[in-house]
Amino acid sequence: MKKGNGFISEEYLDAMKYLWGKNKDISFDYKKYTEKYRNLSGLKGMEFFYDVIAERKLKTDKPVIGYFCNSVPEEIIMAAGAVPLRLCNQDIHCAEAGEEIIPGDICPVIKAICSGLQNDIKPDILVIPATCDGKVKLAEILSSAFDNIYFIDIPRNSDYTENIDLWEATYLKFYEYLKEKFKVKISRKELLNACKITNERTSIFRKIYKLRAEKTGIINAFDYFTITSASFLIPASDWTKHTEILYNQLLNREIKTNYRKNLLLAGSPIIFPNFKLLEITEEAGCYIAADILCSSYGHLFDPVKIDEETEKGIIRTLTLKYIAPSICPCFLGIDKLINAVIENVEKYGLDGVIYYNLRLCNVFELEIPVIRSVLKDKGIPFLALKTDFSREDTGQLKTRIEAFMEMLE
Ligand code: SF4
Ligand code: SF4
């Protein structure tokens, strides 16, 4: 996107620049906050992941490409010699600070993004996909103030028979942009290597996902969502290495569990430090045995399945990893989410589904009646909850979850 379209005042630009990178006070002490979950863990292999999210520092001498959502292909970034860094933000302090430039009634994720780009993880390029209207407008506003904003304009229809050529063209354009930007020659060798790295990450993630679903209590929700949040912040190969260590510890773990029911969590993403819902479900004795969230399952579950090892062939295949299976509510294709929910509930014999709807996000809320009616026909208990990053409704959420648990019992 071109910088400076001339319609934004100097005063507004200054406010934005101030929020982006200058005001470190808006963020809370991540170290202190991780301690309570670290203490509940009891797993040595979790130390690494709690350190990652407490420090929030990417140690690399390579260029860093910040991005949002699940439709930006990490493999193309890695093949270009850069490190992908997912910057989706759910820090309430950032959301509150973001209100200085974004109206209060806009979704808290967008507000938090605006103020959450801090000095220590400042990207060289920021890639914003057209996943929802908020992100589209965000790309336009930020590009007025900053260089190096790249906008990925993908059609929001996850039917590949209709759209695969458009997706491929969009990814090829991004590929050419990075080659030009970094003055690098990328060959199929670099692309294949990047796909191998992310496929190894997918492979260990699937093992953890399956183990968690099959053994009640093997890993609590804080640990699980801490490792998935850490996958945003560190190179894929580091994440794979440390998740393998953790997995081996889990295999030998003795479990004593007081969980009352095994549930599936769907809906809006959950990213550290927004663990309020997890605190309530854990306290109610509800084991999150599986999840269909874009921040965990959506980010890590699908591999790249290459059948044609040319540059073009690999890039086409990447669209089948990122866009075709999309469970993001911004895309047409709610059937994919519903199928994934039903498949997981039936495969792992789960007791019900909690759907988490982030307040002020219409697309998640619009899905609720459809999912509720399909699950009702299947006899799968369903609870939809609407909340935000604040703690004000904790009591009310506790009551609703407790009532749901009693109904299940
Ligand atoms: S649900 Fe969709 S828009 Fe929201 S963070 Fe995930 S991929 Fe992005
Ligand atoms: S929560 Fe909704 S409105 Fe906010 S960024 Fe995600 S999809 Fe867009």
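Me: Where does Lys183 sit?
Reply: Lys183 lies in the loop between helix H8 (160–182) and H9. Keep in mind that this is a predicted model.

Me: What is the phi of Lys183?
Reply: Lys183 has a positive phi of about 50°. Lys183 is not a glycine.

Me: Why point that out?
Reply: Because most residues other than glycine have a negative phi.

Me: OK, on to H9. How do H9 and H11 cross, and at what angle?
Reply: Helix H9 covers residues 188–214, and helix H11 covers residues 236–251. Their axes cross at roughly 25° and come within 9 Å. Angles under 35 degrees count as roughly parallel, so H9 is roughly parallel to H11.

Me: Is that crossing left-handed or right-handed?
Reply: The crossing of H9 and H11 is left-handed.

Me: Which residues in H9 and H11 meet?
Reply: From H9, Ile197, Thr198, Glu200, Arg201, Ile204, Phe205, Lys207, Ile208 and Leu211 take part. They meet Ala236, Ser237, Trp239, Thr240, Thr243, Glu244, Tyr247 and Leu250 in H11. By class, the contact of H9 with H11 has nine nonpolar, four polar and four charged residues.

Me: And H12 with H17, at what angle do they pack?
Reply: Helix H12 (residues 276–283) packs against helix H17 (residues 394–408) at about 40°. Their axes are 10 Å apart. That angle makes H12 oblique to H17. The crossing of H12 and H17 is right-handed.

Me: Which residues meet there?
Reply: Lys276, Ile280 and Thr281 in H12 meet Thr394, Leu397, Lys398 and Ile401 in H17. The contact of H12 with H17 divides into three nonpolar, two polar and two charged residues.

Me: What joins Phe272 and Pro273?
Reply: A cis peptide bond joins Phe272 and Pro273, with omega about 10°. Pro273 is in the loop between strand E5 (261–267) and H12. For context, most peptide bonds are trans.

Me: New topic, the ligands. Which residues are around ligand 1?
Reply: Around ligand 1 are Cys69, Asn70, Cys88, Thr131, Cys132, Pro269, Cys294, Cys328 and Cys330. The shell around ligand 1 has seven nonpolar and two polar residues, and no charged ones.

Me: Which residues surround ligand 2?
Reply: Ligand 2 is surrounded by Cys107, Val109, Ile110, Cys132, Gly134, Lys135, Ser268, Cys330, Leu358, Cys361 and Val363. The shell around ligand 2 has eight nonpolar, two polar and one charged residues.

Me: Which helices each supply at least two residues of that shell around ligand 2?
Reply: Helix H6 (108–116) and helix H7 (133–145) each supply at least two.

Me: Last bit, the whole chain. How many helices and strands?
Reply: The protein chain has 17 helices and eight strands.

Me: What box do its C-alpha atoms fill?
Reply: The C-alpha atoms of the protein chain fill a box of roughly 60 × 50 × 40 Å along the principal axes.

Me: What radius of gyration does the chain have, against a compact globule?
Reply: The protein chain has 21 Å. A compact globule with 409 residues would have a radius of gyration near 22 Å, so the chain agrees with that.

Conventions: Residues numbered from 1 in each chain as written. Chains lettered and ligands numbered in written order. Predicted model: local features only at pLDDT ≥ 70, side-chain atom pairs only at ≥ 80, totals over all residues. Axes fitted to C-alpha atoms, helices over the stretch in contact; angles between N-to-C directions. Helix = DSSP H or I, 4+ residues; strand = E, 2+ residues; numbered from the N terminus. Parallel < 35°, antiparallel > 145°, perpendicular 65-115°, else oblique. Left-handed = near helix turned anticlockwise from the far one by under 90°. Contact = placed C-beta atoms within 7 Å. Nonpolar A, V, L, I, M, F, W, Y, C, P; charged D, E, K, R; others polar. Near = placed C-beta within 6 Å. Rg over C-alpha atoms; globule rule 2.2 N^0.38 Å.
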